[in-house]
Amino acid sequence: MNHIEKKPLSQLGYQFIDQAWLPDGKTEYYLRDQQRGKETVHRKLKAWEIETLVRNDNTSDDWNLIFVDNEFDPNLVQHCHFYGMVRIGKLEPYFLEFHNLRLPVGLYNSTIASCDFGDNVVVHNVNFLSHYIIGNDVIIANVNEMGVTDHAKFGNGIIKEGEPESVRIWMELCNENGGRSVMPFDGMLPGDAWLWTRSRHDEVLMDKFKAFTEKQFDKRRGYYGMVGDRTVIKNCKIIKDVTIGTDAYLKGANKIKNVTINSEAGAPTQIGEGCELVNGIVGLGCRVFYGVKAVRFVMASHSQLKYGARLINSYLGNNATISCCEVLNSLIFPAHEQHHNNSFLCAALVMGQSNMAAGATIGSNHNSRGADGEIIAGRGFWPGLCVSLKHNSKFASFNLISKGNYMSELHVPFPFSLIVNDEHENTLKVMPAYFFMHNMYALARNSWKYVDRDKRTDKTQPIEYDYLGPDSVEEIMDALELMELAVGKAYYAQQQKSTDKLSRNAIRQTGKNLLLEENAKVAKMEILGENIENSQRKVQLLKIHQSYPLFRELIAMHAIRNLIKNAAAFQLNSFSALQAFCKNVKRSAWSNAGGQLIRAEVMEDLKQRIRKGKIGSWPQLHDAWREIGTTYEREKLQHAFACLFQLEGLTAKELTAAAFKKFLDQSVFTFGKLTEGIYHSREKDYRNPFRRMTYENEAEMEAVVGKLEDNSFIQQTIAELKTYKKQVKEMIKKWEL
């Protein structure tokens, strides 16, 4: 049975804050007045103004509680019913126009309870508008219900005075069982969400994060909703417990409840037709259109939901787009693309620069005794058409998964790999360094486009978009060891010799010698991977004889390119200065904290500062993200040389000028090879007869897809290569190498 209360009409618009929660000596308007901020002087209505208002079919339970600006025109208020205290700014004889919608300034055909209005607002046909503070030049037209409750939390995971813990909103990220739940809050960065979902055994850390969130927001009841200047709201049904920034545009939404919508002049947010948003945070510059359903969510700035997408219990990172499909219980880092109605993403940590193809089902949650499976995917995760993956699975950076139904859990530690389920041979096949050998255009363009598309106005967390970052380079270093081990075992298996009495290092050394000195032999071997798939079938590693030397080249190029980029900034103006800079470099693990790459030691120090109370709030943690980011380029360069030295068996002191010049020359060669790969991998699209057959001739194809030689990205990469060659030549001359 519905519980419908009857209360005296005289209470409508009053007693917003129950007496039990009202501080001594305060009125129910005390928080409202704080929120208004500015001391705008309003006066009471004059007698003739009241007469005009009544003549225009307006009513009020108490005209003495209607306050107006000196430049208030009562003729611009018609057919309205006022309850409680209402303040109205300037109303002047203008009309406001937005996207060809033209409406006269004023309040018309609306019921209004206890609201403040800025100057020259337009309020038309709002059935019930209560407890809002409306900015200047705002348009609100054709809205069924727009109100705020005294316990409004605006999407933040807090509870108000007197509320039970059970009403708190949690986002169940990364796992459907709620074991990695976090409390959403306005301003939550991808790194915040990632850090909170990790280290769940650390109760001190978890309690600190909860305390940060509680500290961030006031528990007092009675906050009003806000609508910022120049915001337009039209043809919406229900807007409840929602606060909205400036310059937002809401049109045709079905329901928005318990949500913060961030928006500003330089990054306006738009929410469109048929959308339903409940219990969430919408960041600056977001776009939400056409039948979207989002529940218990955070959208970071400049992200998009479109065309019926469902986002539930999930965090969507900056500059990401989800269209049509369903995403549940996932933490998605910045720069994610998912455009297909028949793709499904569940209980996953996706670390950015990712792209989900049609038919991809990422996460079957029915393969254990509980719904507690997870998937962790490194940067550049690209599951192809109709890929079905099983919990639990884990992938290194820039893995491309070929079409197929992967029946077993996977752990692929090789970055830049193509993963193939060969059903004919009943074999899982993994080709490390696939992108560098066969699809360089896609890899390079992925890095470039996300830099170009990063529209964030707040770059608290510096995000790494280069495919060669400390995370992927660490994975390359680990992959080289795994390749050596696999080749060593393959060799002994080919010789029918047992490895039982051999150490891991001895087997690795055998494999390394073969890869460096007898690579042609390796090409003829069947090389198998271990602990990659949870099955009894073979896992075959493809083209190791090509990927191994290529990975080694990339390590050298990565170090030299970063040196060229940062030499001036770090005052590395001589070979001896470089030796001093690299004196104590060492390899270390890195964490991808929401797109920001951080050394493991720095991350552990950050956690320790939180545990000890040296970092005591989310703003202080955000300051720490910024501070850590200032040293990133230096630490990345040091890490790059540490990897190069380990690979070559050198120390900084042992590095000779001749050896360094060799690395410089080699980096130019590798850079040139990659640039050629970018061109040739795109050229294949123009030469493939099956691509060409839909066009009558080459002229028509070029009219549709453009000329290969006019491709702006390819031209840019060629120009970058020329610049790089010049920079290397200048360094060789300047450093007298």
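This is a predicted model: local features need pLDDT of at least 70, side-chain atom pairs count only at pLDDT 80 or more; totals for chains, interfaces and linings use all residues.
Residues are numbered from 1 along each chain as its sequence is written, and side-chain values use heavy atoms, with hydrogens and water left out.

## Ring pairs

Rings of Phe, Tyr and Trp (its six-membered ring) pair if their centres lie within 6.5 Å; planes under 30 degrees apart are stacked, over 60 edge-to-face, and the rest tilted. That rule gives 27 aromatic pairs. In one of them, F212 and W618 have ring centres 5.3 Å apart and planes at 85°, so they sit edge-to-face. F212 is in helix α4 (residues 203–216) and W618 in helix α13 (residues 618–630), so this pair ties together parts 406 residues apart in sequence. Helices are DSSP runs (H or I, at least four residues), numbered from the N terminus.

F212 and W618 also belong to a cluster linked by ring pairs, along with F185, W196 and F209.

## Around R36

R36 belongs to helix α1 (residues 30–36). Its side chain makes a polar contact of 3.2 Å with that of D116; such a contact is a pair of N or O atoms within 3.5 Å, where, within protein, one must be able to donate a hydrogen and the other to accept it, and residues adjacent in sequence count only if both atoms are side-chain atoms.

Conventions. Helices (H or I, at least four residues) and strands (E, at least two) are DSSP runs, numbered from the N terminus.
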